[in-house]
Amino acid sequence: MKLDRLAVLIFIFIFFVFFTPAAAKDHPYEKNNDKPEVSHPFEDVSDHVQDKGGQGHVNLGETLPLYSCIPFAGMLLSIALLPLIAGNIWHHHFGKISAFWAASLALPFINAYKGLAVYEILHIFLADYVPFIILLWALFTVSGGILLRGTLRGTPIVNTGIILIGTILASWMGTTGAAMLMIRPFLRANDYRKNKTFMVVFFIFLVANIGGALTPLGDPPLFLGFLHGVSFFWTFKILPHMILASIILLIIYFVIDTYYYKKEGASTPDDGEKKPLRLVGTYNFIFLGGIVGSVLMSGILDLGEVSTLGVHRAIQDWIRDGLLIALGIGSLLATPTVLREENEFSWFPIIEVAYLFIGIFITMIPCLLLLKAGPNGEFAFLINAVKKPVHYFWVTGMLSAFLDNAPTYLTFFNTALGSFYSGLTESAAVPLLMTENAIYLKAISSGAVFFGACSYIGNAPNFMVRSIATEAGTQMPSFFGYILKYSLIFLIPTFVIVTFIFF
């Protein structure tokens, strides 16, 4: 009861302080009495809302205060602290907590900005969250129908080999696809080991993040670059960066695994007659190929747009989402239930991600709007400081560690285009950026992909892998524990080396 009362008090405080008239009085419409009329909340306000001079669309990021990011900070702190101080409550009520923070942003946001706020919430829900969770669900469902049978035991060499294979696969089937495919065999191979936490963390570093750096299929920000004119194979230019980071982390992993293997006195358990390794449910690779093809199709075709609740989305994106749902259902129908049970498949990890990320997506709306506002928003001090390749690498990276790395990539991609080719169209400027100033695009691309490994929410599969590992009995570090014990100790020094050599 005390927690419920505290939650209500926090909500009331945020509602009356966050976006109060004092905060909204500087809104341009309040000064000019030109606030647009929105006939109903589903009207596409982005099409007709203009500034006083009628010269362009209103950018909410230019008017939002910095403290509009408080609900996002609250959401992150809840993920970080509540499992430690109130684990039982968190386990049973994380969906309600996520909804609370989402409402803490949505209600005052709508109260202050009316139809504009409704549009932004609908836009991030329909254009970002829905395709995000559909893709995750499809990959989670299909990969859960692929089972590796046989005798496989996790020695340091075997484990390093599994992570290496997953790292290579990530660029071609996506970090999420590779992570979902490899994590269960990886965990089963090491079920006899005592110290497994570091194994899963390094798996997240490499398979769920850094391995996706080579193609637009690997990670969402690179796919976004592909949509904006970066050629499909251009990202191979950051192959040296990926190889260096991967080699450093694989060597560190092998040393740590060898140390614990010897310290534990681990020996491969006698499972009787060794059974050869073989994949079962291989027909699911057809569905997996269909998922990759659907994603690629949505980036190549241009079938026009359709408005849904006032939000414009490309027709091919809706087709892709429909295909992903069909492929997931096809996998469910084609795969015997006993096979999924043997694979220790359950729906909890995807449910947890769906509940938590709806809160994350909604509460980070102000953060993304402030970032997109560039030098005209509260993040101007940050945007204006980004001038050299090293700045692009680290600023893009650090923001990608906690925000959606796709819009972060696009923000600094456009910043680079504006800095070097102001006045040119995107179609003319992007080829020049890929050639004349390629080092800047390399910095943006590698930063957005690599730094996603720095936190559980830095990239979509991170939290999924953590949830699957926890369900399998592996003790995973807390949100801050992951950052302090692993990211700061192993990742950041690796990225420093990458910086000195390439940027």
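1. Before going on, a word on what you have on screen. This is a predicted model, in which local features need pLDDT of at least 70 and side-chain atom pairs count only at pLDDT 80 or more, while totals for chains, interfaces and linings use all residues. Residues are numbered from 1 along each chain as its sequence is written, and side-chain values use heavy atoms, with hydrogens and water left out.

2. Back to that cavity. The term means a set of points, on a 1 Å grid over the protein atoms alone, where a 1.4 Å probe fits but cannot get out; lining residues have an atom within 4 Å of a point. Grid points are joined across faces, edges and corners, and a volume is the space filled by probe spheres set on the points. Searching the whole structure turns up 1 cavity of 30 Å³ or more, and the largest cavity holds about 30 Å³ of space.

3. Which residues line the largest cavity? They are S143, I146, M180, L181, R184, P185 and N343. Helix 8 (residues 175–189) gives the largest share of this lining, with 4 residues. Helices (H or I, at least four residues) and strands (E, at least two) are DSSP runs here, numbered from the N terminus.

4. Now the cysteines. As for accessibility, buried means under 20% relative accessible area, exposed over 50%, and partly exposed in between (1.4 Å probe, protein chains only). C69 is buried at 14%, and C367 is buried at 4%.

5. Have a look at helix 23 (residues 479–502). Its 24 residues have end C-alpha atoms only 30 Å apart, short of the 34 Å that a straight helix would reach at 1.5 Å a residue. That expected span is 1.5 Å times one less than the number of residues. Where is the kink in helix 23 centred? On S487, with a kink of about 55°; the bend at a residue is the angle between axes fitted to the seven residues ending there and the seven starting there.

6. I483 also lies in helix 23, and it is buried, with a relative accessible area of 13%. Its C-alpha atom is 8.7 Å from that of Y456, 27 residues apart along the chain.

7. Most residues other than glycine have a negative phi. L309, however, has a positive phi near 55°. L309 sits in the loop between strand 3 (305–308) and strand 4 (311–314) and is partly exposed at 40%. E344 has a positive phi near 55° as well; E344 is in the loop between helix 14 (337–342) and helix 15 (348–363), and is exposed at 53%.

8. S346 is found in the loop between helix 14 and helix 15 too. Is S346 buried or partly exposed? At 21% relative accessibility, S346 counts as partly exposed. The C-alpha atoms of S346 and F140 are separated by 9.9 Å, though the two residues are 206 residues apart along the chain.

Conventions
1 Å grid on protein atoms, 1.4 Å probe; cavity = no way out; pocket = protein on both sides within 12 Å on 5 of 7 lines; lining within 4 Å.
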